[in-house]
Amino acid sequence: MEEYYLLWQSLMIEGEKLPFWQEFYVKFYQAFIENNRWQQYLEGVGTTLLVTAMALCLGIILGVLVAVVRTSHDQQRPGKKNFFLGVANAICKVYVTVIRGTPMMVQLLIMCFVIFSRSREFTMIGALTLGINSGAYVAEIIRGGLMSLDPGQMEAGRSLGLNYVDTMRFIVIPQAFKAILPALGNEFIILLKDTSLITIIGGKELVYAAQGIYGRTYEQMFPLIGVACIYLVLVMLFTWLLGILERRLRQSDRR
């Protein structure tokens, strides 16, 4: 197979007009097979999944904290307002408003060239920025799920002798999780695709690998289409896994 590639490539360099399938093969070979370039795509996929996992964990942690603070503030009884909770709620509202109101690309540029201007860990900076960005959206998703529950659930837990934290942990959050799972899954898929943006600050993920390849082959179509197909497969895989989880949760409700 390599012999055909070398022959047809030399003909293309000399200006010969090749049949479509031969030209297709040469470009495909250059993009994925020559010099084991497929390994660069695999390394990019590994980095993409790592960045997604790190950003997802950070986003969930921030989202839960912000959602609990804002929900607790909104559910305070009239005349019994906690000053410190009010301050924390104000900070959380500013965080959510700023993050949701500014573009992801601008946030990445600020984090890389302003806040961490002396760092060269561009991939980690990208993961941190994605996590902070995701946290604002996750917070609103979780807050919506918590506020949608009957307030009687909280009162029932407190009447059983549970404190606020235990009531949220054992009664409220498990019920809210089932309601918000589709929205959280959608946020995860968006986060996976947004990892492609960290290329603009030098993060070495999947798109970065494609850029390195077409920078040497001067043929953009196959590397970029290959990256698009990889993202599509990843999204379809995680959508399928999310569907399995949702079905199992519905089955547990029937029991």
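Buried here means under 20% relative accessible area, exposed means over 50%, and partly exposed lies in between, with a 1.4 Å probe and protein chains only. The model is predicted, so local features need pLDDT of at least 70 and side-chain atom pairs count only at pLDDT 80 or more, while totals for chains, interfaces and linings use all residues. Residues are numbered from 1 along each chain as its sequence is written, and side-chain values use heavy atoms, with hydrogens and water left out.

**View 1. Phe 188 and Phe 238 form an edge-to-face ring pair.** Phe 188, at a relative accessible area of 17%, is buried. Rings of Phe, Tyr and Trp (its six-membered ring) pair if their centres lie within 6.5 Å, and planes under 30 degrees apart count as stacked, over 60 as edge-to-face and the rest as tilted.

**View 2. Phe 28 and Phe 32 form a tilted ring pair.** The centres of these two rings lie 4.9 Å apart and their planes stand at 45°. Phe 28 is partly exposed, at 33% relative accessible area, whereas Phe 32 is buried, at 17%. Ring pairs also join Phe 28 and Phe 32 with Tyr 41 and Phe 222 in a cluster.

**View 3. Helix α5 (residues 104-115) packs against helix α6 (residues 122-148).** Helices are DSSP runs (H or I, at least four residues), numbered from the N terminus. The two axes, which are lines fitted to C-alpha atoms over the stretch in contact, lie 10 Å apart at an angle of about 130°. Contact means heavy atoms within 4.5 Å, and the residues making it include Met 104 and Leu 108 of α5 and Phe 122 and Ile 125 of α6.

Definitions and conventions:
Axes fitted to C-alpha atoms, helices over the stretch in contact; angles between N-to-C directions. Helix = DSSP H or I, 4+ residues; strand = E, 2+ residues; numbered from the N terminus.
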